[in-house]
Amino acid sequence: MVLYAEGTFYKGVGVTHSIVRCFLNIVPAVEDCTDRGCLALSLLELLGFNLTFAFFATLFVLIQPVAAGSGIPEIKCYLNGVKVPGVVRLRTLVCKVLGVLFSVSGGLFVGKEGPMIHSGAVVGAGLPQFQSISFQKIRFDFPYFRSDRDKRDFVSAGAAAGVAAAFGAPIGGTLFSLEEGSSFWNQGLTWKVLFCSMSATFTLNFFRSGILFSSWGSFQVPGLLNFGEFKCSDSDKKCHLWTVLDLAFFVIMGVVGGLLGATFNCLNKRLAKYRMKNVHPKPKLIRVCETLLVSLVTTVIVFVSSMVLGECRSLTPPNDWNNSTVAMQVLYEVNSSIKTFFCPNNTYNDMATLFFNPQESAILQLFHQDGTFSPVTLSFFCCVYFLLSCWTFGLSVPSGLFVPSLLCGASFGRLVANLLKSYLGLTHIYSGTFALIGAAAFLGGVVRMTISLTVILIESTNEISYGLPIMITLMVAKWTGDFFNKGIYDIHVALKGVPLLEWETEEEMDKLRACDIMEPNLTYVYPHTRIQSLVSILRTTAHHAFPVVTENRGNEKEFMKGNQLISNNIKFKKSSILTRAGEQRKRSQSMKSYPSSELRNMCDEQLAAEELVEKEDMLQQMLERKYTPYPNLYPDQSPSEEWTMEERFRPLTFHGLILRSQLVTLLVRGLCYSETQSSASQPRLSHAEMSEDYPRFPDIHDVNLTLLNPRMIVDVTPYMNPSPFTVSPNTHVSQVFNLFRTMGLRHLPVVNAVGEIVGIITRHNLTHESLQARLRQHYMTS
C-alpha cells in the first residue's frame with residue numbers, strides 16, 4: 001500500500017523536472033541577447049520566476065511549519081520513540097510535496113530526496129490507518145495496525161521506500177532505515193522493509209520506463225537520481241576506474257571531506273541558532289523575506305557568474321560506451337545539457353553548464369563529461385554551492401541536502417582529478433571516479449552515514465568495484481568530522497530539544513546507577529481514584545503515563561472503617577501482592593484433585609498450617625513500616641506544606657502503569673461508580689473501544705466537567721499495564737539505556753526489593769546532557 005501511494009508524490013517530482021525545464025527556456029533567450037544586449041531583461045525575468053516560486057514554497061511551510069527542511073531529523077526522532085507533533089499528518093504530506101516542487105523549481109540550492117523520505121514515511125504512517133484527521137467523515141472499520149509499534153514499523157518501511165525510489169537503491173533504503181532511523185529492529189521487520197523498498201523501486205521503474213521510452217515492463221530506469229554507468233573508453237587502454245595507488249588520494253579526500261562537512265555543520269548550526277533567536281519569534285513575514293533574500297542572492301550569483309566567469313571549453317567526442325539503454329540515456333542527458341553562452345561552435349560555457357542545469361544534470365556533467373572544467377570554475381562553483389547550500393538549509397521551505405552535497409563534493413573531486421592530471425602527470429586516473437569519491441566524502445562529512453550511504457552509492461552507480469573506495473572514504477570522512485561535531489541531522493535534532501537516544505552510552509556512564517538518574521518526585525494515581533483527583537493531575541501535568549500505587553500504612557484496618565474508597569484501595573493491594581504462602585495455597589488446591597489419597601492428605605495438612613498463619617495476618621505485619629502514617633485520608637486532597645520528608649515521599653507499593661490517553665478516555669466515557677456502590681458496578685470497555693480514537697486521543701481540556709460528578713470514583717485497574725518493564729535501583733545505566741533502546745520504552749519505573757516504587761526514568765533522564773550532569777554530580781558527592 002505504501003509503495004503505490006507514493007506514486008502520487010513521484011509524479012509530482014516529475015512535474016518538478018518539467019517546471020524546471022520549462023523555465024530554463026530563459027537560456028535560449030539569454031543566448032539571443034548576445035547581440036541585442038537584453039541580458040538585464042533576462043535577469044529580471046529569471047528573478048520574477050524564482051522569487052514567485054520561493055514565495056509559494058514558504059507559504060506552504062507557514063501553513064504547516066513541520067513541513068520545513070528535509071524532514072529526516074523529524075522522522076529519525078519519530079522512529080527513535082519520540083512523537084513529534086504533526087510530523088506524519090496528511091496536511092504535512094500535502095504541504096511538503098507542493099512546497100518542494102516550488103522550492104526546487106525556484107532555483108534554490110535544495111534537493112528533493114530528503115522530502116521524498118519524509119513523504120514516504122507519512123504515507124506509511126497514514127495509509128494503514130484508513131482514516132485521517134483532515135477527513136474525519138471518511139472512516140473504515142479496520143481494527144488492525146492500531147498501535148504505536150505497528151505505526152512505527154510502517155513509518156520505517158515508508159522512509160526506506162522513499163530512499164529506494166529516489167536513488168534506485170532498495171537495499172540502501174533498508175539500511176538507511178536501520179542506520180539512521182529505527183531504534184527498534186527485528187528480523188521480521190527486515191524482510192518487510194526490504195520487500196517494500198524493492199516494490200517501490202520497481203514500481204517507479206515500470207512507470208518511468210514506459211513514460212520515457214514507451215517500453216512498458218522493461219525496467220530500464222531504476223531511480224529518479226541515476227548516476228549512470230562509469231566506464232573508460234575502449235580506445236584508452238591506460239584508463240582504469242581506480243587503482244590501488246588511488247586509495248591514498250581517496251583517504252586524503254575523505255579527510256578533506258570530513259573537514260568541509262564539519263565546517264558546513266558548524267556554520268549551519270550557528271545560522272540555525274540565529275534564526276531561532278532572531279527570525280522565528282518575529283512575524284511570519286520575516287521568514288518570507290529571508291527566503292526571498294536567499295532566492296535573490298542565489299539567482300544573481302548564478303546569472304552573473306555564468307556570464308562573467310564562465311570559460312569556453314572545447315567539446316570532446318564521447319566515449320565508446322556500450323549500447324545499453326541506461327548508458328545511452330546518460331550520454332544523451334550529458335550532451336543535451338551543455339550550455340554554450342557566448343561561446344563559438346564546438347565549445348561550451350563550463351560555468352553555465354553547471355549552474356544553468358537541474359542539479360541531477362549537473363552531477364552527470366561532473367561524473368561523465370569528457371570535456372574539461374577549468375580549475376577556476378570548479379573552485380568557484382564548489383565554494384558558492386557550499387556557502388549557499390549552508391545558507392539555504394534551514395529556511396522556511398521544504399529542502400533536502402543530499403543532492404546539493406553530492407554536487408558540491410563532485411565539483412571538489414573533479415577539481416582534484418584535474419590537478420592530479422595537470423601537475424602530477426597522472427593521466428591514467430578517471431575523472432568520474434574522483435568526482436564520485438569527492439561527492440561521497442563531502443556528503444559523508446555532512447550527514448555522517450556509513451553503511452547505508454555506501455550501499456546507496458554502489459546501487460546508484462551499478463558498479464560493485466566502487467565498494468571499497470567508497471567505504472574507506474566515508475569512514476575517514478566520518479571519523480574526521482566526528483572529531484569536531486555531530487552530523488547535520490543530529491545537530492538539528494539537538495537544537496529542537498528532542499531527547500534522542502544514541503546507540504549506546506559512554507563507558508564512564510556505568511559509574512551511575514538507576515537511582516542516580518531517576519526522578520523520585522512522582523505524580524501517581526491510585527487503583528480507585530476520585531474524578532476530581534484525576535482531572536487535577538491531568539490538567540496540572542504533561543506526563544504521558546502515571547504509576548498506579550497504593551500506600552503502605554501501619555494501621556490500615558482503622559483506615560478501612562467507614563470509607564469505601566480507601567477500603568477498595570487497600571483490598572486491591574492485598575489481593576494483588578503475591579506471597580509465597582498464597583502461591584503454595586494455589587498449588588495445593590490444584591494438587592487436591594490429583595487421584596492420590598496420600599497427596600490429598602498432604603495438601604490438607606498444608607492448608608491447615610496456612611490457616612494458622614493467615615489468622616495471624618502475616619501480610620499485615622509485612623506491610624508495616626516505621627514511617628509516620630500518611631495523614632491524608634482522601635487521595636484527592638492536596639499535599640500539605642507542613643509534611644515531613646517521610647510523609648511527602650512515603651512508601652508506595654507499585655501495581656502498574658496507566659497512560660494519560662486511557663485516563664482521559666475513561667473520563668470522556670464517564671466510567672465511574674459512587675462511593676455507595678461496588679467497583680464491579682463500573683462499566684467496562686473493550687480494547688477496541690479504548691483504542692477507537694487512536695492516534696488522536698481526546699485532550700483533558702476538551703472534557704466537559706459539568707457532566708462529571710467530582711466525588712465519583714474511577715477504577716483504573718482493568719486498564720493499567722500490571723507488568724511493565726521495571727529495574728532495580730542498582731541497575732547500571734548502560735543496562736537501562738539498552739532496555740529503552742531495544743524495547744522502545746518511554747517510561748521505566750524503578751522498584752526496590754520489596755515492591756515499592758522509588759522513582760521513574762524517562763527519555764529525558766537518558767540524554768547525553770542529562771547523563772553528563774548526573775555524572776558531574778556523582779563525582780562531587782563521591
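This is a predicted model: local features need pLDDT of at least 70, side-chain atom pairs count only at pLDDT 80 or more; totals for chains, interfaces and linings use all residues.
## The protein as a whole

Of its 782 residues, 54% count as buried.

The fold contains 32 helices and 8 strands. Take the contacts between residues at least 6 apart in sequence: 78% of them join residues at least 24 apart.

## A covered helix

Let us start with helix α20, which spans residues 488-495. Of its 8 residues, 7 are buried, so the rest of the structure largely encloses this helix. The buried set consists of Ile488, Tyr489, Asp490, Ile491, His492, Val493 and Leu495. If you follow the chain onwards, α20 is followed by Gly497, a residue with a positive phi, near 75°.

## A covered strand and its partner

Strand β5 covers residues 652-659 and is mostly covered, with 7 of its 8 residues buried. Strand β4, made of residues 545-551, runs antiparallel to β5, and 7 bridges join the two. To find your way along this pairing, look at Phe546, whose bridge partner in β5 is Ile658.

## Aromatic pairs

Next come the aromatic side chains, where the count comes to 18 aromatic pairs. One of these is formed by Phe303 and Phe356: their ring centres are 6.3 Å apart and their planes stand at 70°, and because an angle over 60 degrees counts as edge-to-face, this pair is edge-to-face. The two residues come from distant parts of the chain, 53 residues apart. Phe303 belongs to helix α11 (residues 284-308), whereas Phe356 sits in the loop between α13 (350-355) and α14 (359-368). Both Phe303 and Phe356 are buried.

A second pair to look at is Phe483 with Phe484. Here the ring centres lie 5.2 Å apart with the planes at 85°, so this pair is edge-to-face as well.

## An aromatic cluster

Finally, you can pick out a group of phenylalanines in the model: Phe53, Phe55, Phe56, Phe60 and Phe102 form one aromatic cluster.

Terms used
Residues are numbered from 1 along each chain as its sequence is written. Side-chain values use heavy atoms; hydrogens and water are left out. Buried means under 20% relative accessible area, exposed over 50%, partly exposed in between (1.4 Å probe, protein chains only). Helices (H or I, at least four residues) and strands (E, at least two) are DSSP runs, numbered from the N terminus. Two strands pair if DSSP finds at least two bridges between them. Rings of Phe, Tyr and Trp (its six-membered ring) pair if their centres lie within 6.5 Å; planes under 30 degrees apart count as stacked, over 60 as edge-to-face and the rest as tilted. Contact means heavy atoms within 4.5 Å.
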